[in-house]
Amino acid sequence: MARITETVKILIITNVLVWLCAQFLLPSAIEILGLWFPKNPNFQVWQPLTHMFMHDQSSIFHILFNMYALWMFGSPIEAILGQKRFIFFYFSAGLGAALIHTLVNYYYFNEGYQALLGAGLGVQEIENVIATTRVPQYVLETVEESTLRTFVETYYTPAVGASGAIYGVLVAFGMMFPNMELMLIFVPIPIKAKYFIPALILLDLFSGVTGFSVFGQNIANWAHLGGALFGFIMMWYWKRNSFNDKRWY
């Protein structure tokens with residue numbers, strides 16, 4: 001089992017403490033720390049950073065799986081990158097995840113907004129739809145229900161969790177240790193990291209494009225993909241210049 005490194009240990013402790021505080025002391029923490037759609041009144045400029053420390057309060061499994069992955073994959077990466085570079089990498093991947101998630105949300109929100117305008121609603125009527133989550137019956141005849149649902153969910157659903165940053169860490173692990181064998185919890189078959197991690201990312205891409213959730217409901221697939229993308233860019237740049245001598249074959 002991997003030795004836990006200093007930064008990873010601090011990140012895990014911080015995440016657990018925030019989850020416990022939100023669970024027992026401040027149930028409304030998600031309104032302050034979660035990443036809301038920028039047009040939502042709950043949005044604050046610090047949320048692209050703080051959402052990485054906020055996890056689902058209704059279940060322990062979200063934070064449990066994230067912290068396990070952070071320990072398992074983050075410690076070896078920190079050992080190679082060093083503490084300062086790992087901190088930069090981790091938070092850059094998390095902020096990249098927030099950026100991609102928000103850009104995709106803007107796309108879906110604008111798609112719904114334009115559909116409602118095309119259906120004959122005025123700006124004030126659309127504001128009423130957002131406020132009440134109800135649409136006139138005639139709108140349903142011209143606008144797809146899935147478009148309306150995504151429009152409302154984009155506005156009202158905050159993103160929480162360290163998953164985006166951890167996907168960046170996963171990509172880094174796959175690039176540094178491509179032949180390390182990994183196993184899914186429910187599929188006890190060893191799979192090399194260079195196959196396992198891209199397959200995981202492709203499943204997220206499939207879910208993000210089709211709307212069919214492979215990993216369950218309320219999964220921010222585009223945040224995962226954003227973290228993976230930024231993680232890949234950083235590791236590709238660093239690795240081609242600095243880390244070829246440290247790759248495991």
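This is a predicted model: local features need pLDDT of at least 70, side-chain atom pairs count only at pLDDT 80 or more; totals for chains, interfaces and linings use all residues.

Residues are numbered from 1 along each chain as its sequence is written, and side-chain values use heavy atoms, with hydrogens and water left out.

Q: How do you know that the span of helix α8 agrees with its 14 residues?
A: Helices here are DSSP runs of H or I with at least four residues, numbered from the N terminus. The expected span is 1.5 Å times one less than the number of residues. For α8 (residues 163-176) that gives 20 Å, and the end C-alpha atoms are 20 Å apart, so the two agree.

Q: What makes α8 mostly covered?
A: A residue is buried under 20% relative accessible area, exposed over 50% and partly exposed in between, using a 1.4 Å probe and protein chains only. In α8, 14 of 14 residues are buried.

Q: Why is α4 called oblique to α5?
A: Axes are lines fitted to C-alpha atoms over the stretch in contact, and angles run from 0 to 180 degrees between N-to-C directions. Under 35 degrees is roughly parallel, over 145 roughly antiparallel, 65 to 115 roughly perpendicular, and the rest oblique. Helix α4 (residues 61-81) and helix α5 (residues 83-118) pack at about 130°, with axes 7 Å apart. That angle makes α4 oblique to α5.

Q: What angle lies behind the word for α5 and α8?
A: Their packing angle is about 125°, and their axes are 7 Å apart. The pair is therefore oblique too. On the α5 side the contact (heavy atoms within 4.5 Å) is made by F86, F89, Y90, A93, G94 and A97, and on the α8 side by G164, A165, G168, V169 and A172.

Q: Why does F89 count as buried?
A: F89, which sits in helix α5, has 0% relative accessibility, so it counts as buried.

Q: Which residues does F89 touch, leaving out those up to four places away in sequence?
A: They are L81, G168, V169, A172, G231, M234, M235 and W238.

Q: How far is the C-alpha atom of F89 from that of W19?
A: The two are separated by 23 Å, and the residues are 70 apart along the chain.

Key
Helices (H or I, at least four residues) and strands (E, at least two) are DSSP runs, numbered from the N terminus.
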